[in-house]
Amino acid sequence: TGLLTMTNEEPLPKKVRLSESDMKTLTREELCTRWKQHDAYVQVLEAKYAELCSNDVPGLKESEEKLKQQQQESARRENILVMRLATKEQEMQECTVCISLTLLLILFYIL
């Protein structure tokens with residue numbers, strides 16, 4: 001419809017509000033006119049929503065891909081750090097053994 005393809009020059013429909021007294025006092029024709037105004041307003045909102053959703057989907061997919069890549073990179077880094085930590089722990093154990101042996105040798109030569 002023409003409402004979904006409004007140009008910048010056409011006025012946007014406004015939100016229609018009806019009070020309890022309006023419902024009692026307006027004629028059938030006036031209520032129908034208000035209903036059509038309300039319907040036009042809803043159609044414009046639905047069109048804007050659909051446009052926003054369709055424009056946002058590629059952005060969401062790109063963000064999701066970036067997050068997956070970041071998560072994979074973080075997992076890879078974590079694995080590297082865990083391996084480095086295990087290596088350092090092994091080196092510490094070896095140093096402890098060396099220190100213990102050195103102390104034993106010193107004690108052996110002293111006695």
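Trainee: What are the ground rules for the values?

Mentor: This is a predicted model, in which local features need pLDDT of at least 70 and side-chain atom pairs count only at pLDDT 80 or more, while totals for chains, interfaces and linings use all residues. Residues are numbered from 1 along each chain as its sequence is written, and side-chain values use heavy atoms, with hydrogens and water left out.

Trainee: What pLDDT does the protein chain average?

Mentor: The average is 86, and 90% of the residues score at least 70; pLDDT is the predictor's confidence in each residue, from 0 to 100. Over residues 1-7, however, pLDDT stays under 50.

Trainee: How many helices and strands does the protein chain have?

Mentor: There are two helices and zero strands. Helices (H or I, at least four residues) and strands (E, at least two) are DSSP runs, numbered from the N terminus. Helix H2 covers residues 28-110 and includes Thr87; Trp35 is also placed in helix H2.

Trainee: Why is Trp35 called exposed?

Mentor: Its relative accessible area is 59%. Exposed means over 50%, buried under 20%, and partly exposed in between (1.4 Å probe, protein chains only). Trp35 is therefore exposed.

Trainee: Why is Thr87 called partly exposed?

Mentor: Thr87 has a relative accessible area of 43%, and is therefore partly exposed. Buried residues make up 5% of the 111 residues in the protein chain.

Trainee: What radius of gyration does the protein chain have, and what would a compact globule have?

Mentor: The protein chain has 37 Å, whereas a compact globule of 111 residues would have near 13 Å. The radius is taken over C-alpha atoms, and the globule rule is 2.2 Å times the number of residues to the power 0.38. Along the principal axes, the C-alpha atoms fill a box of roughly 120 × 30 × 20 Å.

Conventions
Contact means heavy atoms within 4.5 Å.
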